[in-house]
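Dear colleague,

I am handing over the structure below, together with some notes on what was found in it. Please read the notes with the model open beside them.

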Amino acid sequence: MDRWFVFFARVTFVFFYCGTLKSNGVILTDMVEKLGTTQLLVGWAFSLQNGLAYMICPFTGFLLNMFSKRQIGVIGGILCGSGYVICGFFVDTVWQLFLAFTISGVGFGLIGMPSFLIFQEHFEEDFATFTSCVSVFEYAAVALMPPVLQYFKTTYGFNNALVLFGALSWHLVAGCTAFRVPGRKKERHRNNKHQPTSEIIAGNTIPFESKVIDKVEQVKSVFQKYSSLFSSLVAHQKFRYFLLLEGIGFFLFTSWALFLVTTGTALGLSEERAVYLSTAGGIGGFLGKLLAIFLCYINKMNAYTSCLIPLSIIGICMLASTFTTDFYVLCGLTLWSGVSFGVHSTGVFSLLPSMVCTKHLKQAVAIDFTLNGVAVQLGGIVSGMMTGAFGSSLYVFRFDAFLCFLSLPLAVLWAFDDNPTQECNL
């Protein structure tokens, strides 16, 4: 039963994380007008929130040595909603916006890694399949949460909408209370706890000098552990292709999520109609996640199905979106983009354990999470810079399409590298 509580907790995290990323696009223009600033700075603040969820992974790992996953997660859930509440009550300048979304981003970061680790502990034998099942809810959030924020904004006003949205995000606290250690690990911990040490049996106490030596050895162990953090990149060529393609995917998704509504309005749609592009993308992503589950189940998820085909479709759809003003055509193109993003994100992530040896897996997760955070940051910053420089987000979509086509050779190289992953002699 515990594993399903953990499943619920992981679903809650991905729902609010992806939902807030997409919902920020609804308030982008309003925030620019309220603060009297540029889309570059506001887009950077929004991407900072979602980028920090990955970039503080090493810090979260350090905290896990002192606190339980549940304790860290609950604190993170409080911070996630607090950022939006602060934004609604107090934010009047750009630096205050950065502060508020930094608080929220740190909160997501404190939940992300613990939820991933405890999820892996409970579902290690069926990791790919259940990860795909969880990821379905990412695009359910993309479809549902932007209209909710738009409704809050229309009904209660801009500032009150942010406060209500923050209060809604506090549901993460309830989700994090469901973090539970697997039963087999509880039993192992209980046995270790009641097993006397040799010093206690002998009736001796540990000398102060021995304690100091032990601490020094622990410091050396930590240093050796983190000094070899990037050895997985050297040892596994597939992992390098994997990181580049997943990073490009995170960059594209951030840019697409933040500037989809803005692009719709740039093409002549009203804001009320443009927000439904997010719903179309969310529905498409939901369908893409279901397709990814099926591909994982029949063992057909590979470089072709996770990268080459989805990135080709994304590039075509994003480029075509800038040359039409028909609402239904835009919805259709956005739907197919969502399907492709859903297959790509789930497919690539589910392949992570097969990219490196078992000894390098934890290193690979740390590198992957950190670089994904950097990619999210760049997605907001670069897209905001382009919008400010060219005066329209249409150029953002055209650049993203070019980046999709540019990444296809990497997917081909990965597909041709059919050598099995070798265990490292560490």
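In what follows, a residue is called buried when its relative accessible area is under 20%, exposed when over 50%, and partly exposed in between, with a 1.4 Å probe and protein chains only. This is a predicted model, in which local features need pLDDT of at least 70 and side-chain atom pairs count only at pLDDT 80 or more, while totals for chains, interfaces and linings use all residues. Residues are numbered from 1 along each chain as its sequence is written, and side-chain values use heavy atoms, with hydrogens and water left out.

On the cysteines, the structure holds zero disulfides, a disulfide being a pair of cysteine sulfur atoms within 2.5 Å. Cys 317 is in no disulfide, and the nearest cysteine sulfur, which belongs to Cys 404, is 9.6 Å away. Cys 317 counts as buried because its relative accessibility is 7%, and Cys 331 likewise counts as buried, at 16%.

Met 31, leaving aside neighbours within four places in sequence, is in contact (heavy atoms within 4.5 Å) with residues including Phe 46, Leu 97 and Phe 158.

H14 (residues 237-266) also packs against helix H15 (residues 271-297) at an angle of about 140°, with the axes 8 Å apart; axes are lines fitted to C-alpha atoms over the stretch in contact, and angles run from 0 to 180 degrees between N-to-C directions. Among the residues that make this contact are Trp 256 and Leu 260 of H14 and Ala 274 and Leu 277 of H15.

In the loop between H15 and helix H16 (303-321) lies Asn 299, whose phi is near 60°, a positive value in a residue other than glycine. Most residues other than glycine have a negative phi. Asn 299 counts as exposed because its relative accessibility is 67%.

Finally, Ser 340 is found in helix H17 (residues 327-350) and counts as buried, at 3% relative accessibility. Not counting residues up to four places away in sequence, Ser 340 touches Pro 310, Ile 313 and Ile 314.

Definitions and conventions:
Helix = DSSP H or I, 4+ residues; strand = E, 2+ residues; numbered from the N terminus.
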